[in-house]
Amino acid sequence: MVYGVILAGGNGSRMGGEKPKQYLTVKEKPIIIYTIEKFFACPRLEKIIVLCPQQWVEHTKNLIKRHIAPAEDRISVIEGGSTRNETIMNSIKYIESEGKLDENTIIVTHDSVRPFVTGRIIAENIEACEKYGACDTVIPATDTIVESQNGLQISSIPQRSLMYQGQTPQSFKALKLKKIYETLTDEEKDILTDAAKIFIMKGEPVALVDGETHNIKITYPYDLRIAKSLLEDEE
């Protein structure tokens with residue numbers, strides 16, 4: 001089976017206010033609903049799992065009923081973990097509890113605050129994951145990337161033509177991801193920034209899928225203004 005896994009665990013601290021940013025309303029719908037709709041429209045995704053903080057589970061279920069119903073048989077909302085990767089592991093545990101976890105099970109993991117993902121990106125993630133076992137959505141870096149080891153001086157300037165900016169989705173053979181994650185030490189888990197790094201740390205291939213510049217992550221108030229403009233263009 002192929003699962004869409006929407007990660008909605010952020011608390012929105014950089015956006016300001018008490019409501020997590022994925023639940024902010026843009027043009028009459030919460031951001032998370034736009035994201036779920038993109039996944040719901042993909043025929044290859046047999047089920048969608050939305051993971052959010054425990055206190056937002058019922059609210060998220062109600063939003064789905066209001067905006068996407070009838071969808072109860074294809075969308076499940078469950079509690080996420082304390083970190084991004086623990087949240088992904090929770091999705092795999094859920095799949096395993098349903099008796100659906102095997103070597104061919106694929107999860108397409110995506111930020112709930114990237115509502116402009118396209119059907120093409122999702123489909124190519126699934127294809128690349130089937131072939132390589134893992135993939136990451138990226139766009140070529142347009143700015144020069146500067147590395148600093150101490151935050152005060154430049155340590156190196158990598159060749160820009162070799163640099164990419166990571167987006168989501170990131171997709172994985174779920175059982176393989178679970179097995180690799182279980183081999184990590186606590187120290188290795190502490191330095192993880194995303195799930196793709198789990199594969200990289202263990203020398204496993206991660207394919208590249210072309211993203212889109214408009215596949216933005218809504219993080220700051222400025223991003224909300226961009227999102228409103230993009231949604232107007234989609235109408």
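Which residues does I36 touch, not counting residues up to four places away in sequence? Bear in mind from the start that this is a predicted model, then select I36 together with I6, I48, V50, I64, I68 and I75, which are the residues that I36 touches once those up to four places away in sequence are set aside.

The largest nonpolar core has 32 residues, and I36 belongs to the group with the most contacts inside it, alongside I32, F39, L45, V50, I64 and I75. If you colour by secondary structure, the elements that give two or more residues to this core are β1 (2-7), α1 (31-40), β4, α2 (57-67), β5 (75-79), β6, α4 and β9, and of the contributors it is α4 that gives the most, with five residues.

Now turn to the charged side chains, for the structure holds eleven salt bridges.

Begin with E98 and K47, whose side chains meet in a salt bridge at 3.0 Å, N to O. This pair links distant parts of the chain, 51 residues apart, since E98 sits in the loop between α3 (84-97) and β6 (106-111) while K47 belongs to strand β4 (residues 47-52). Are the two partners buried or exposed? K47, at 12% relative accessibility, counts as buried because the cut-off for that class is under 20%, whereas E98, at 32%, counts as partly exposed.

Move on to helix α4 (residues 119-132), where E124 and R120 lie four residues apart, about one turn of the helix. Their side chains meet in a salt bridge at 3.2 Å, N to O, and both ends are partly exposed, with E124 at a relative accessible area of 31% and R120 at 30%.

Then select K176 and E204, which form a salt bridge through their side chains at 2.9 Å, N to O. K176 lies in helix α5 (residues 174-181) and E204 in the loop between α7 (196-201) and β9 (207-210), so this pair ties together parts of the chain that are 28 residues apart in sequence. Here K176 is partly exposed, with a relative accessible area of 30%, and E204 is likewise partly exposed, at 26%.

For the last stop, display R84, D111 and R114, which are linked in a network of salt bridges.

Key:
Residues numbered from 1 in each chain as written. Predicted model: local features only at pLDDT ≥ 70, side-chain atom pairs only at ≥ 80, totals over all residues. Heavy atoms only, no water. Salt bridge = Lys/Arg side-chain N within 4 Å of Asp/Glu carboxyl O. Buried < 20%, exposed > 50% of the residue type's maximum accessible area, 1.4 Å probe, protein only. Core = buried A, V, L, I, M, F, W, Y, C linked by side-chain atoms within 4.5 Å. Contact = heavy atoms within 4.5 Å.
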